[in-house]
Amino acid sequence: MTHEPKKSDSLILATKSANKAEGAAAETMERRRGAERNTTQDTTCRTQSRENVSNGLDRVRQAAQADRKCCFTSLLHHVTTDLLRDAYHCLKRDAAPGVDGVTWEAYGENREGNLTDLHARVHRGAYRAQPSRRRYIPKADGRQRPLGIAALEDKILQRAVVEVLNAIYENDFLGLSYGFRPGRGQHDALDALAYGIKTTPVNWILDADIRSFFDTVDHEWLMRFLEHRIGDRRILRLIRKWLKAGVMEDGILTATETGVPQGSAVSPVLANIYLHYVFDLWAHQWRKRHARGHVMIVRYADDIVVGFQHEDEARAFLSELRERFAKFALSLHPEKTRLIEFGRFATERRTRQEMDKPETFSFLGFMHICGKTQNGRFMLFRKSRSDRMRSTLQAIKDQLRKRRHRSIPLQGRWLGQVVGGYLAYHAVPTNTPAIKAFRNCVVLLWLRTLRRRSQKDKTTWEMIARMAQQWLPPARILHPWPEKRFDVKHSRREPSAGIPLARIYAGGVR
């Protein structure tokens, strides 16, 4: 490292209200010093090796926290055998193998020897990245999404390097970024968006979609961004090896000049670093310098939603955003990027102008709709996307056909896991009709599958209803209202913030 870590208080994120606004914004932006030690920080380690790994990364984290311009020239020594072992155990055991054909279990038969050899090759510069194996998965719109399945050793090493990168960049990333970050998830982004729309005078929503983002990331720009914080040439060389490793499809190796492979362990953090410099910092500065009214920004990976109080500012932002992306080899999808009138007052305003109801927009699998309560107050309705639901039901139908002749308990347990997983994400307030419809469709598919097992099958509706009650979880709301969960995570206030309604993110910086 170029700078010695200084003793400093832990940092706590505070939400920043929009420019010249009194209300609180939806995302966390400003960083201020807080307590000596955050209560959510882990103070114990499971093993001695885990303690050594944690202490080393903690020192990196503290140095990055103390000096925002610190460039780390020595990082590879933090990639220890213990960190590689932890990375190995974090991998999915049933994940598809890469081009080498090595599975998690096969590698674990001589785990210590393999990890020691991998560690030695990495540190003496003999490690060679293997090409990713191309695989396609269907998208909701019928197209195919290309994935790159890395070899097992590449996955292990990538995951270990990601731990080192997170120790640095989690101090830099802004609160508006939610995708693939420790302690943050999709529902945190959904809550921030819903909270911002409900509590701030947002009248226009920009639903921005970056065209083929993961396939168009410019390698040279990415490496230049990394060099702002990473001065260890060995870490940079590893990242460049993964970017240039290529893709193997049907026995043909194709070189990769742009993009990061979707599905690899290092791709999410590299994507966040790229958009941090291309979009996050620029959008934050644009809001401070040019916005007169409220501006709300929420980004999850390459999905961006920006709310504006004034239409002219929204159109100016969109125009400048296109120019900004063009400088860094990115572009907005012309059909999926929309600027719509949306918010608490959109319905009344459009009614006075004798216009149709406000348009809807999609974010993280939910359609967002302007609605009203029984008392006539504004309410944001979130409904599961119908195309995503249909594709999920089609996948369940195909799997049921393959499991048709298995026993009822085996089918029931499998279906219970599928329905439970769907509800764990989609069972949000205002989405009750959609999750009930999903469960009813699953029950109907199960009944049809059982009746096709034999021409003499006598499964009735009463029987399938009892089976569904026994094996499938009920369709009920599992998530709290967005403002309640948002208030829990941002419940404390800080008088020194200078903003009356600024709330502190209780989790702090990890």
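Which helix holds the place of Arg59? Arg59 lies in helix α1, which covers residues 48–66. The model described here is predicted. The protein chain has 17 helices and 15 strands. Of its 510 residues, 50% count as buried. Among contacts in the protein chain with a separation of 6 or more, 71% are between residues 24 or more positions apart.

- Arg59 of helix α1 is partly exposed, with a relative accessible area of 45%.
- Gln158 belongs to helix α5, residues 152–169.
- Gln158 counts as buried because its relative accessibility is 4%, and the cut-off for buried is under 20%.
- Setting aside neighbours within four places in sequence, Gln158 is in contact with Ala150, Trp242, Ser264, Ala265 and Val266.

**Nonpolar cores**

- The largest nonpolar core has 81 residues.
- Ile156 and Phe317 have the most contacts inside this core.
- Helix α10, residues 267–290, supplies the largest share of the core, with 12 residues.
- Ile156 touches Leu84, Ala87, Tyr88, Leu91, Tyr107, Leu115 and Leu118, not counting residues up to four places away in sequence.
- A second, separate core has 27 residues, including Tyr178, Val298, Ala301 and Phe486.

**Helices α6 and α17**

- The axes of helix α6 (residues 186–199) and helix α17 (residues 482–489) come within 9 Å.
- These axes cross at roughly 105°, so α6 and α17 are roughly perpendicular to each other.
- On the α6 side, the contact is made by His187, Asp188, Asp191, Ala192, Ala194, Tyr195 and Lys198.
- On the α17 side, it is made by Pro482, Glu483, Arg485, Phe486, Asp487 and Lys489.
- By class, the contact of α6 with α17 has five nonpolar, one polar and seven charged residues.
- Phe486 of α17 takes part in this contact and is also included in the second core.

**A four-stranded open sheet**

- Four strands form an open sheet in the order β4-β3-β6-β7, with mixed pairing.
- Strands β4 (144–149) and β7 (252–254) stand at the edges.
- Each edge strand has a single partner strand, so one side of each is left without a neighbour in the sheet.
- From one strand to the next, the twist averages 40°.
- Strand β3 (residues 132–138) pairs with strand β6 (residues 247–249) in the parallel sense, over two bridges.
- Arg133 has Met248 in β6 as its bridge partner.

- Strands β11 (residues 361–363) and β12 (residues 366–372) run antiparallel, joined by three bridges.
- Phe361 has His368 in β12 as its bridge partner.
- β11 and β12 form a hairpin with two residues between them.
- Leu364, in the turn of that hairpin, has a positive phi of about 55°.
- β12 also runs antiparallel to strand β13 (residues 378–384), joined by seven bridges.
- Ile369 stands opposite Phe381 in β13.
- β12 and β13 form a hairpin with five residues between them.
- Gly376, in the turn of the β12–β13 hairpin, has a positive phi of about 85°.

Key: Residues are numbered from 1 along each chain as its sequence is written. This is a predicted model: local features need pLDDT of at least 70, side-chain atom pairs count only at pLDDT 80 or more; totals for chains, interfaces and linings use all residues. Side-chain values use heavy atoms; hydrogens and water are left out. Axes are lines fitted to C-alpha atoms, for helices over the stretch in contact, and angles run from 0 to 180 degrees between N-to-C directions. Angles under 35 degrees count as roughly parallel, over 145 as roughly antiparallel, 65 to 115 as roughly perpendicular and the rest as oblique. Contact means heavy atoms within 4.5 Å. Ala, Val, Leu, Ile, Met, Phe, Trp, Tyr, Cys and Pro count as nonpolar, Asp, Glu, Lys and Arg as charged, and the others, Gly among them, as polar. A nonpolar core is a set of buried Ala, Val, Leu, Ile, Met, Phe, Trp, Tyr and Cys residues joined through side-chain atoms within 4.5 Å. Buried means under 20% relative accessible area, exposed over 50%, partly exposed in between (1.4 Å probe, protein chains only). Two strands pair if DSSP finds at least two bridges between them.
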